[in-house]
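Reader: I have a structure to read and I am new to this. Can we go through it together, one feature at a time?

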Amino acid sequence: MDDDAALLVIVDAANVVGSVPDGWWRDRRGAAERLRDRLAADGLPGHEGALEIVLVVEGAARGVEPVPGVRVEAAPGSGDDRVVELVAASAGRRRLVVTADRELRRRVTELGADVTGPRSVRG
């Protein structure tokens with residue numbers, strides 16, 4: 001697969017996991033792993049075509065391992081900053097950031113990325 005042709009989907013794990021009050025705060029890493037596994041199984045529901053999925057984790061979720069179909073990026077500091085870095089580094093590609101964070105949405109759209117909310121991957 002030509003990675004440049006695939007839609008690059010960058011998922012703000014903390015924001016997506018935190019969008020549903022299901023007890024995620026008791027096991028942040030486990031919640032990020034469940035999200036990773038859902039992404040690996042379902043991709044981006046409703047999207048046809050090639051995807052490259054990157055899950056950005058931070059804090060207690062660092063250490064989540066990648067699985068086939070989902071690359072995991074552990075942010076050394078702010079997850080939002082790492083998302084912005086990934087968007088900036090992939091200029092020229094189609095990019096979609098999954099987050100509801102208003103400031104992050106502003107930052108990545110200024111770099112030409114599209115944005116969608118957590119429901120697009122939570123089902």
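Reader: Is Pro-76 buried or exposed?

Author: This is a predicted model, so every answer is about the prediction. To judge a residue, take its relative accessibility and compare it with a cut-off: over 50% is exposed. Pro-76 has 76% relative accessibility, so Pro-76 counts as exposed.

Reader: Where does Pro-76 lie?

Author: In the loop between β3 and α3. Sequence and space are separate matters. Pro-76 and Arg-62 are 14 residues apart in sequence. Their C-alpha atoms are 8.7 Å apart in space.

Reader: What about Glu-65: buried or exposed?

Author: Use the cut-off again. Glu-65 has a relative accessibility of 51%, so Glu-65 counts as exposed. Glu-65 also sits in a loop, the one between β2 and β3.

Reader: Which residues is Glu-65 in contact with, leaving aside its neighbours within four places in sequence?

Author: Arg-36 and Val-72. Take Arg-36. It is 29 residues from Glu-65 in sequence, and 9.0 Å away in space, C-alpha to C-alpha.

Reader: How many bridges join β1 to β2?

Author: 6 bridges. β1 covers residues 7-12, β2 covers residues 51-57, and the two run parallel. Leu-8 stands opposite Glu-52 in β2. Val-11 stands opposite Leu-55 in β2.

Reader: And how many bridges join β1 to β4?

Author: 4 bridges, with the strands again running parallel. Leu-8 stands opposite Arg-95 in β4. Val-9 stands opposite Leu-96 in β4.

Reader: What is the bridge partner of Leu-96 in β5?

Author: Asp-114. Here 3 bridges join β4 to β5, and these strands run parallel.

Reader: How many residues of β1 are buried?

Author: 6 of the 6 residues, so β1 is largely enclosed by the rest of the structure. Next, check the faces of the strand. Leu-7, Val-9 and Val-11 are on one side of β1, and Leu-8, Ile-10 and Asp-12 are on the other. Both faces are covered.

Reader: Which way do the residues of β4 point?

Author: Arg-95 and Val-97 point one way from β4. Leu-96 and Val-98 point the other way. All of these are buried.

Reader: At what angle do the axes of α3 and α4 cross?

Author: Roughly 15 degrees, and the axes come within 10 Å. That makes α3 roughly parallel to α4. α3 passes α4 in a right-handed crossing.

Reader: Which residues make the contact?

Author: From α3: Asp-80, Asp-81, Val-83, Val-84 and Val-87. From α4: Leu-104, Arg-107 and Val-108. Sort them by type. The residues of this contact divide into 5 nonpolar, no polar and 3 charged.

Reader: One last residue. Is Thr-99 buried or exposed?

Author: The cut-off for buried is under 20%. Thr-99 has a relative accessible area of 0%, so Thr-99 is buried. Thr-99 is found in the loop between β4 and α4.

Reader: Which residues is Thr-99 in contact with, leaving aside its neighbours within four places in sequence?

Author: Asp-12, Asn-15, Leu-104, Arg-105, Val-115, Thr-116, Gly-117 and Pro-118. Now a distance. Thr-99 and Arg-119 are 20 residues apart along the chain, and their C-alpha atoms are separated by 9.3 Å.

Notes
Residues numbered from 1 in each chain as written. Predicted model: local features only at pLDDT ≥ 70, side-chain atom pairs only at ≥ 80, totals over all residues. Heavy atoms only, no water. Pairing = 2+ DSSP bridges. Buried < 20%, exposed > 50% of the residue type's maximum accessible area, 1.4 Å probe, protein only. Contact = heavy atoms within 4.5 Å. Axes fitted to C-alpha atoms, helices over the stretch in contact; angles between N-to-C directions. Parallel < 35°, antiparallel > 145°, perpendicular 65-115°, else oblique. Left-handed = near helix turned anticlockwise from the far one by under 90°. Nonpolar A, V, L, I, M, F, W, Y, C, P; charged D, E, K, R; others polar.
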